[in-house]
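Trainee: Could we go through this model together, beginning with a single residue and then moving on to a helix and the core?

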Amino acid sequence: MEQLKMQTRQQLFQALFPEAPAFRWRQVMLTLFDSDRTGWEGVTTLPKDMREKLQSNVSWMSLREGIVLESRKGDTKKAVLECADGARIETVLMRNARGHWSVCVSSQVGCAMGCTFCATGSMGFTRNLTMDEIIDQFRFWHYHLAEKTRHSKTKSESEPSSLISNVVFMGMGEPLSNYESVREAIRTMLAYTSLGSTRITVSTVGLLPALRKLLRDPLWPSIRLAVSLHSADSDIRKRLMPSSFDTFLDDLAEWTKEYFSLNDERRRHLTFEYILLSGVNDSSEDAKKLIEFSRRVGKVKVNLIPYNKTSSGHEGSREESAKKFLDQLKRVGITATIRKAMGDDIAAACGQLLQMQSKK
Ligand code: SF4
């Protein structure tokens with residue numbers, strides 16, 4: 001589908017107030033990330049006529065709430081949000097052991113990459129999200145937590161909004177296919193929230209043209225990157241990820257050399273995501289190939305992901321196979337962890353996001 005031309009809030013603001021001094025836009029942005037505000041009318045730092053024009057012409061929130069689901073354990077929530085054109089996306093909020101929250105954002109409606117284990121991949125691609133639609137997923141949860149805190153009767157019930165400590169681009173879509181909007185959304189979050197650059201992670205299938213571009217892009221922020229590897233065997237990877245190709249692993253190894261040579265290795269270490277699928281990529285031989293490849297690329301962390309059930313026909317690795325795989329990596333000194341499965345009872349776990357019908 002042709003990408004819809006949607007004006008961002010900043011473009012609308014500039015069209016409405018071409019003479020406004022730069023600090024006015026900064027005031028607007030600070031307001032948008034202030035969870036005590038609920039609309040333009042209450043923004044008394046702006047002149048009244050400006051507030052009125054904004055009220056009639058610029059949306060306060062580009063996404064409308066559909067459904068919010070909460071996992072049985074209460075540590076994961078998933079929201080279905082509706083864009084102005086009716087497209088629906090999903091975003092997830094997860095609480096870690098320290099009580100801090102991570103927000104998982106979507107970058108596209110659907111996805112063109114077609115990874116065979118992923119529910120989003122089965123939807124196909126509809127369109128890229130705008131920068132506003134990306135940052136508004138963060139704002140949605142920021143307001144949601146602030147609202148909960150205001151209404152909580154006891155301290156233990158409170159969910160302090162200031163504790164969104166991480167943002168991961170692991171929702172619907174391939175973030176680097178929507179390069180400019182994702183980059184600007186990250187820059188905006190870094191400028192107007194307390195998030196530091198190591199608290200934001202972009203997960204990619206490994207789109208090499210975009211990975212090469214970001215190495216030379218002075219505007220690309222120094223956030224963390226995670227490459228969805230899923231197999232260090234080219235044929236298996238091609239079967240799992242139709243976006244892969246014969247020379248992908250060699251090309252990625254080349255790219256990582258440059259990545260590490262241009263960046264401080266300790267701050268900008270690279271993660272390989274590896275979904276464990278029974279009988280597909282979880283044998284001792286598969287672990288050996290992953291070890292060899294990890295050694296080729298240098299300081300890399302491996303994040304093993306338990307497979308969350310979708311209609312793909314894949315089966316997740318059994319617990320003991322996953323543990324064996326992990327031990328094999330650790331024995332040779334590779335930093336590796338198994339990601340805790342969260343929100344699988346509300347289809348909010350990795351690879352389960354799919355455009356749901358929202359409540360009208
Ligand atoms: S895993 Fe990510 S890149 Fe692959 S189809 Fe799903 S959303 Fe797209």
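**A proline, a helix and the core**

Mentor: Pro-47 is partly exposed, at a relative accessible area of 30%, where buried means under 20% relative accessible area, exposed over 50% and partly exposed in between (1.4 Å probe, protein chains only). This is a predicted model, in which local features need pLDDT of at least 70 and side-chain atom pairs count only at pLDDT 80 or more, while totals for chains, interfaces and linings use all residues. Residues are numbered from 1 along each chain as its sequence is written, and side-chain values use heavy atoms, leaving out hydrogens and water.

Trainee: Where does Pro-47 lie?

Mentor: Pro-47 is in the loop between helix 2 (22–32) and helix 3 (48–57), helices being DSSP runs of H or I with at least four residues, numbered from the N terminus.

Trainee: Which residues of helix 3 are buried?

Mentor: Those are Met-50, Arg-51 and Leu-54, and they pack against helix 1 (9–16) and helix 2.

Trainee: Why are they on the same side of helix 3?

Mentor: They are on the same side because they cover an arc of only 100° around the axis, the arc being that of the directions from the helix axis to the C-beta atoms. The face turned away from the buried side of helix 3 carries the exposed residues Lys-48, Asp-49 and Ser-56.

Trainee: Switching to the largest nonpolar core, which residues touch the most other members?

Mentor: Of its 84 residues, Phe-169 and Leu-225 do; a nonpolar core is a set of buried Ala, Val, Leu, Ile, Met, Phe, Trp, Tyr and Cys residues joined through side-chain atoms within 4.5 Å. Helix 4 (residues 131–151) gives the most to this core, with eight residues.

Terms used: Helices (H or I, at least four residues) and strands (E, at least two) are DSSP runs, numbered from the N terminus. Contact means heavy atoms within 4.5 Å.
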